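Please look at the sequence and structure shown here before reading on.

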Amino acid sequence: MPKLTERPIWRSLAAHWRARDAHLRNLFGTNPQRGEKYALEAAGWYLDYSKQRVDEETLRLLLQLAEDAGVAARRDAMWRGEKINVTEKRAVLHIALRAPKDQRIEVDGEDVVPGVNEVLERMAAFATRVREGEWKGHTGKRIRHVVNIGIGGSDLGPVMAHEALRAFAQRNLDCRFVSNVDGADFFEATRDLKPEETLFIVASKTFTTQETMANARAARAWALAKLEDEAAVAKHFVAVSTNAEKVAEFGIDTANMFGFWDWVGGRYSMDSAIGLSTMLAIGPDHFRAMLAGFHEMDEHFRTAPFAQNMPVLMALIGLWNTNFLGAATQAVLPYANYLKRFPAYLQQLTMESNGKSVTLEGARVDHDTSAVWWGEPGTNGQHSFYQLIHQGTRLIPCDFIGFVEPLSPLHEQHDLLMANLFAQSEALAFGKTAEQVRAEGTPEWLVPHRVFDGNRPSNTLLAQALTPHSLGALIALYEHITFVQGAIWDIDSFDQWGVELGKQLAQNIGKEIAAADDSGLAHDSSTNALIRRYRANRGGEKP
């Protein structure tokens with residue numbers, strides 16, 4: 001198969017890009033109904049993509065690209081449980097985590113849905129016991145604090161979901177999260193807690209993840225310093241893992257070990273047992289509502305024609321912006337403070353998935369892959385980086401996310417919030433010309449500074465309210481966007497070899513830091529000098 005950029009459809013897109021010079025002002029001027037036409041709904045979400053720099057021909061060619069790249073076949077292979085994670089020879093079935101009980105999804109001939117539901121039922125039973133005060137700590141006191149210890153997909157998803165769904169959380173159960181191996185993270189998370197009222201969730205599939213286990217050991221020592229009985233570990237620690245031997249060795253009762261499967265990638269796992277902290281916070285019913293939102297978007301992605309398929313269209317437009325308009329980044333701007341951790345969650349989902357430079361066959365790609373994803377909630381970002389988005393030299397496509405109904409009682413403030421969202425997308429699209437600036441009476445010397453070029457693309461996503469269901473659908477939407485782009489770029493979106501090298505080197509360097517002399521140092525001169533300097537000064541005065 002020829003390289004992506006050598007295929008006729010790619011060349012047609014490139015020729016189309018070179019030939020067209022349509023500003024969004026013109027696109028709207030020639031089609032007064034553009035705002036209604038370039039919009040669709042799915043799983044409770046409304047997408048307005050009319051402010052993207054595309055026309056009917058652009059979309060026709062992009063849809064042809066998806067067909068040429070075999071996106072539908074690859075999607076269907078995922079649903080069939082085929083091992084589309086080729087470098088690790090694994091199926092990719094996060095969609096099974098939210099499948100209804102009567103759906104059959106197989107891996108190697110085995111229906112995995114019953115196993116998924118068995119774990120969910122065990123999670124629900126445990127969560128109910130903790131939430132209702134039936135599960136007691138070692139001294140007989142009720143659990144009032146839950147600390148999730150994980151990293152990467154075992155942290156970012158649960159943290160994001162906890163923040164997003166605070167309005168649905170049981171407020172007398174305080175959930176906290178520890179991920180960084182920097183001891184300050186654990187110290188600050190536990191400094192005001194009482195061990196006899198604290199439950200730790202240690203989330204590590206292998207129970208060997210370096211950072212997670214360092215924090216788990218710190219938690220164990222912290223708890224036992226007060227509880228002074230090894231038997232207390234079983235009452236204050238549970239595990240999300242598949243390594244029963246290591247879990248038992250740590251002192252956790254394997255009856256309180258919640259497993260998942262090798263066909264669930266870490267960054268796709270927040271709706272598995274990795275979401276135990278989420279279920280503890282919001283309860284089993286709300287957790288299942290979130291799963292239902294995931295599933296509704298899954299079914300839309302699986303069944304909707306590509307021309308009306310929300311993940312497909314957003315993926316194709318994002319690819320157009322990256323590979324043809326030259327955008328290096330993608331901003332995600334939720335106008336909902338509860339979604340403040342959503343951009344950070346998407347950073348792992350998108351960049352760990354599609355931050356690749358070789359094809360499935362191992363050849364070097366000759367095109368850009370993942371954009372750099374980033375963002376902050378509005379309106380805070382408006383007083384921070386929006387200046388660059390509006391008048392800077394770089395093109396930064398934006399996804400605005402908002403809700404019709406607020407979760408706070410301050411409805412007038414919510415109207416102001418949403419007014420800002422709508423204003424920002426309008427300003428980015430249409431800007432302000434020099435003639436408009438002059439007409440406002442602006443002195444000529446100031447005119448260039450007050451001109452906004454516009455023509456800066458954005459999507460707007462709206463849902464009725466931020467609920468467990470709408471959150472699940474939103475996450476699934478971006479999961480499938482990531483999938484479609486990876487399929488077209490012909491890369492493996494489900495491995496993450498790029499995380500490994502630094503970890504491997506750190507293990508050796510850790511031993512060298514602890515060594516008494518320099519005999520083992522065999523790095524480059526920079527790394528050797530840094531290790532020596534750190535060793536020589538680490539015994540200095542502490543604050």
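## Sheet, helices and cores

Five strands form an open sheet with parallel pairing, in the order β6-β5-β7-β8-β9. Two strands pair if DSSP finds at least two bridges between them; helices (H or I, at least four residues) and strands (E, at least two) are DSSP runs, numbered from the N terminus. The model is predicted: local features need pLDDT of at least 70 and side-chain atom pairs pLDDT 80 or more, while totals for chains, interfaces and linings use all residues. Residues are numbered from 1 along each chain as its sequence is written, and side-chain values use heavy atoms, without hydrogens and water.

At the edges of the sheet are β6 (174–178) and β9 (257–258), each pairing on one side only. Strand β5 (residues 145–149) pairs with β6 in the parallel sense over five bridges, and Ile 149 stands opposite Val 178 in β6.

Contact means heavy atoms within 4.5 Å; axes are lines fitted to C-alpha atoms, for helices over the stretch in contact, and angles run from 0 to 180 degrees between N-to-C directions.

| Helix | Lies across | Angle |
|---|---|---|
| α8 (residues 183–190) | β6 and β7 (198–203) | about 170 degrees to β6 |
| α9 (residues 210–227) | β5, β6, β7 and β8 (237–240) | about 160 degrees to β7 |

A nonpolar core is a set of buried Ala, Val, Leu, Ile, Met, Phe, Trp, Tyr and Cys residues joined through side-chain atoms within 4.5 Å, where buried means under 20% relative accessible area (1.4 Å probe, protein chains only). The largest has 124 residues, and Phe 342 and Tyr 478 have the most contacts inside it. Helix α19 (residues 468–489) gives the largest share of this core, 13 residues. Apart from it lies another core of 23 residues, among them Val 178, Phe 200, Val 202 and Ala 216.

Key
Buried < 20%, exposed > 50% of the residue type's maximum accessible area, 1.4 Å probe, protein only.
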